[in-house]
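Open the model in your viewer and keep the selection tool at hand. We will go from stop to stop, picking a few residues each time and looking at what surrounds them.

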Amino acid sequence: MHTTTLSITGMSCGSCRNHVDAALRAVAGVTQVQVDLSAGTARTTHEDDVSPAALILAVEDAGYEAQLRGLIA
């Protein structure tokens, strides 16, 4: 399992937080998601084969911008 933290741009309310949460949970292999609206971050725990690029794409497809903040093995 890996933990990836993304910096998210464009979240401004609870609904935005929920959209990002749902988008990340929809990625196959993601087991846990924590979105922090005030910090502008999303932390995911996922299977080893989930790429940060897939997580970023899911957030972007939901209408927000994302950048890799950290990857912990």
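Start by selecting G63, which follows helix α2 and has a positive phi, near 100°. Keep in mind along the way that this is a predicted model.

From there, step back into α2 itself, residues 52-61. Select L55, I56, A58 and V59: these are the buried residues of the helix. Now turn the view until you look down the axis of α2. The buried residues fall within an arc of 160°, so they line one face of the helix. Which exposed residues sit on the face turned away from that buried side? Select A53 and D61 to see them.

The largest nonpolar core has 18 residues, and L6, I8, V20, L24 and V59 have the most contacts inside it. Which elements supply at least two residues each? They are β1 (2-9), α1, β2 and α2. The largest share, 4 residues, comes from α2. As a general background to this stop, nonpolar side chains in soluble globular proteins tend to be buried together.

Pick I8 from that set and show its contacts. Leaving out residues up to four places away in sequence, I8 touches V20, G40, T41, A42, V59, Y64, E65 and A66.

G40 lies in the loop between β2 and β3. Is this residue buried or exposed? With a relative accessible area of 13%, G40 is buried. Show its surroundings, again without residues up to four places away in sequence, and you will find L6, S7, I8 and M11 in contact with G40. For a sense of distance, draw a line from G40 to A53: the two are 13 residues apart in sequence, and their C-alpha atoms are 18 Å apart in space.

Strand β2 covers residues 30-36 and strand β3 covers residues 41-46, and the two pair in the antiparallel sense over 6 bridges. The hairpin has 4 residues between its strands, and G40 takes a positive phi there, near 70°.

Staying in β3, move along to T45. T45 has a relative accessible area of 18% and is buried. Which residues does T45 contact, once neighbours within four places in sequence are set aside? Select M1, H2, T3, G29, V30, T31 and Q32 to see them.

For the next stop, go to helix α1, residues 14-25. Select R17, D21 and R25 and show their side chains: the three are linked in a network of salt bridges. D21 pairs with R17, the closest N and O atoms being 4.0 Å apart. D21 also forms a salt bridge with R25, at 2.6 Å from N to O. How many salt bridges are counted in the model? The count comes to 2.

The spacing along the helix is worth a look too. D21 and R17 are 4 residues apart, about one turn of α1, and R25 and D21 are likewise 4 residues apart. In general, an α-helix has 3.6 residues a turn, so residues three or four places apart point the same way.

D21 counts as buried, at 13% relative accessibility. R17 is partly exposed, with a relative accessible area of 28%, and R25 is partly exposed at 45%.

The last stop is a pair of cysteines, C13 and C16. How many disulfides does a search of the whole structure find? It finds 0. C13 is in no disulfide, and the nearest cysteine sulfur, that of C16, is 3.5 Å away. With the surface still on, compare the two: C13 counts as partly exposed, at 30% relative accessibility, whereas C16 counts as buried, at 10%.

How values were computed
Residues are numbered from 1 along each chain as its sequence is written. This is a predicted model: local features need pLDDT of at least 70, side-chain atom pairs count only at pLDDT 80 or more; totals for chains, interfaces and linings use all residues. Side-chain values use heavy atoms; hydrogens and water are left out. Two strands pair if DSSP finds at least two bridges between them. A disulfide is a pair of cysteine sulfur atoms within 2.5 Å. Buried means under 20% relative accessible area, exposed over 50%, partly exposed in between (1.4 Å probe, protein chains only). Contact means heavy atoms within 4.5 Å. A nonpolar core is a set of buried Ala, Val, Leu, Ile, Met, Phe, Trp, Tyr and Cys residues joined through side-chain atoms within 4.5 Å. The arc is that of the directions from the helix axis to the C-beta atoms.
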